[in-house]
Amino acid sequence: MSALWHGFADMGAVQRDGAFVIDRGEGAYVFDTEGRRYLDATAGLWFTNVGHGRAEIADAVAAQLRRIAHYSNFGDLAEPATVELAERLSAIAPVPGSKIFFTSGGSDSIDTAAKLARRYWHELGRPDKKILVGRSKAYHGMHYAGTGLAGIPVNREGYGELVADTRTVAWDDAKALLALIEEIGAERIAAFFCEPIIGAGGVYPPPEGYLAEVRRICRDHDILFVADEVVTGFGRIGGDWFASTRFGLEPDLMTTAKGLTSGYVPMGAVFAAPHLAEPFFAGGVWFRHGYTYGGHAGAAAAALANLDIVEREGLLAGAARLERTLHTEFAALAGHPRVAEIRSGLGAVAAVQLADPAEGPAMVKALRAAGVSGRAAGQGALQVSPSFVMSDAQVRDLVAGFAAALG
């Protein structure tokens with residue numbers, strides 16, 4: 001019996017069957033404690049963009065820890081690596097001149113954006129603008145704001161009301177957002193949170209034209225547009241650093257994490273467009289919010305080394321290649337009787353939607369038997385989000401593993 005309490009798990013089943021313990025990783029593969037090798041279909045949890053086993057990142061972190069591991073970013077405190085990373089992120093931001101607020105991960109980033117959106121309107125003398133709008137199927141982390149805002153009801157069960165003044169609209173209908181605005185009034189809505197590709201809710205690309213339309217609606221009605229790029233950011237969208245760049249969204253706020261360090265050290269960042277940051281940078285106003293480990297120097301060193309690898313090895317283009325290859329190769333599974341749908345064609349992601357969602361847990365184990373480490377997201381969607389270093393030949397091996405698991 002292990003003392004470890006796993007997230008998102010039936011702990012009775014884990015205690016009965018045992019944990020799947022990953023011992024090490026190398027490129028697009030991971031290995032269990034028995035030495036068995038698996039293609040990593042999910043890049044950990046969407047994050048190992050540069051692949052496993054990158055000694056360069058480990059060395060950069062070790063060097064920083066020997067100098068100083070971390071101090072704090074509160075008040076006027078900073079560390080050189082953190083300052084350097086903020087400047088580097090601002091330089092690639094979808095909105096030029098963006099300010100960077102560091103967090104410890106994606107859930108932190110969402111809670112930060114939620115508080116910042118409301119506080120922004122308060123500073124502009126419009127405190128009634130505090131309703132936060134999310135979408136059905138959306139996942140925005142598991143802190144209070146993200147859980148209360150997200151569109152996955154089962155994740156909210158048993159907690160009561162977490163955050164007042166939140167609303168949910170249909171994930172695929174921009175007119176639903178417009179209808180909500182007409183119903184409750186734009187003067188009460190602070191922000192609209194939008195994943196460019198819905199991730200943990202089942203890997204759903206946006207309908208054609210959807211992102212441009214909801215962005216226009218928010219701009220027309222003076223509602224902040226928050227791009228949740230925890231999954232899509234840092235290349236996962238394919239070909240660009242961010243989906244917001246690829247689609248010209250110019251978000252007021254953008255939440256990130258995962259690919260920032262490729263998961264080598266926990267870290268997140270909120271990008272604030274200049275106009276959003278202005279009330280707080282003009283002087284005399286405190287944003288009374290922050291995290292002990294926000295901007296952690298060791299994590300900043302990991303992020304800088306990770307970004308170096310992405311740029312040096314052309315991995316943004318590698319993700320664009322994977323977008324095409326995943327779409328082409330996984331199409332072969334579309335006719336399988338146990339498959340309802342293949343969702344792919346945007347970003348280095350795909351989903352094999354099972355006809356019977358209840359088969360998800362068993363299918364994850366069948367994938368392992370076929371040499372693939374995977375997971376089920378949403379309602380029976382087998383997630384595909386490999387490291388950008390995965391070759392086309394490895395993608396074909398991955399599809400073969402899925403085919404074997406499906407039987």
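## Close-up views of a predicted model

View 1. V61 touches V265, G298, A301 and A302, when residues up to four places away in sequence are not counted (contact means heavy atoms within 4.5 Å). The place of V61 is in helix 3, where helices (H or I, at least four residues) and strands (E, at least two) are DSSP runs numbered from the N terminus. With a relative accessible area of 13%, V61 is buried; buried means under 20% relative accessible area, exposed over 50%, and partly exposed in between, with a 1.4 Å probe and protein chains only. V61 and R288 are 227 residues apart in sequence and 29 Å apart in space, C-alpha to C-alpha.

This is a predicted model, in which local features need pLDDT of at least 70 and side-chain atom pairs count only at pLDDT 80 or more, while totals for chains, interfaces and linings use all residues. Residues are numbered from 1 along each chain as its sequence is written, and side-chain values use heavy atoms, with hydrogens and water left out.

**View 2. Helix 4 and its packing partners.** Helix 4 has 13 residues and reaches 19 Å from its first C-alpha to its last, close to the 18 Å expected at 1.5 Å a residue (the expected span is 1.5 Å times one less than the number of residues). The buried residues of this helix are A81, T82, L85, A86, R88, L89, S90 and I92, and they pack against helix 3 (55–67), strand 4, strand 10 and helix 11 (297–312). T82, found in helix 4, counts as buried because its relative accessibility is 4%. Not counting residues up to four places away in sequence, T82 touches N73, F102, G295, H296, A297 and A300.

View 3. On a 1 Å grid over the protein atoms alone, where a 1.4 Å probe is used, a pocket is an open set of points with protein on both sides within 12 Å along at least five of seven lines, and lining residues have an atom within 4 Å of a point. The lining consists of 32 residues, of which N73, G75, I100, F101 and F281 lie nearest the centre of the pocket. Helix 4 (80–92), strand 4 (99–103), strand 10 (268–272) and helix 10 (274–281) are the elements that give two or more residues to this lining, and the largest share, 5 residues, comes from helix 4. By residue type, the lining divides into 19 nonpolar, 9 polar and 4 charged residues; Ala, Val, Leu, Ile, Met, Phe, Trp, Tyr, Cys and Pro count as nonpolar, Asp, Glu, Lys and Arg as charged, and the others, Gly among them, as polar.

View 4. A search of the whole structure finds 20 salt bridges, each being a side-chain nitrogen of Lys or Arg within 4 Å of a carboxyl oxygen of Asp or Glu. The side chains of E213 and K175 meet in one of these, at 2.6 Å from N to O. This pair links distant parts of the chain, with E213 in helix 8 (residues 210–220) and K175 in helix 7 (residues 174–184), 38 residues apart. E213 is partly exposed at a relative accessible area of 22%, and K175 also counts as partly exposed, at 48% relative accessibility.

E250 forms a salt bridge with R219, and the closest N and O atoms are 3.7 Å apart. Because E250 lies in the loop between helix 9 (243–246) and strand 9 (253–256) and R219 lies in helix 8, the pair ties together parts that are 31 residues apart in sequence. E250 counts as partly exposed at 48% relative accessibility, as does R219 at 45%. Salt bridges that share partners join R54, E56, R312 and E313 into one network.

**View 5. G141 in a loop.** G141 is found in the loop between strand 5 (131–135) and helix 6 (144–149), and at 7% relative accessibility G141 counts as buried. Leaving aside neighbours within four places in sequence, G141 is in contact with S107, G146 and T147. G141 and G106 are 35 residues apart in sequence and 6.4 Å apart in space, C-alpha to C-alpha.
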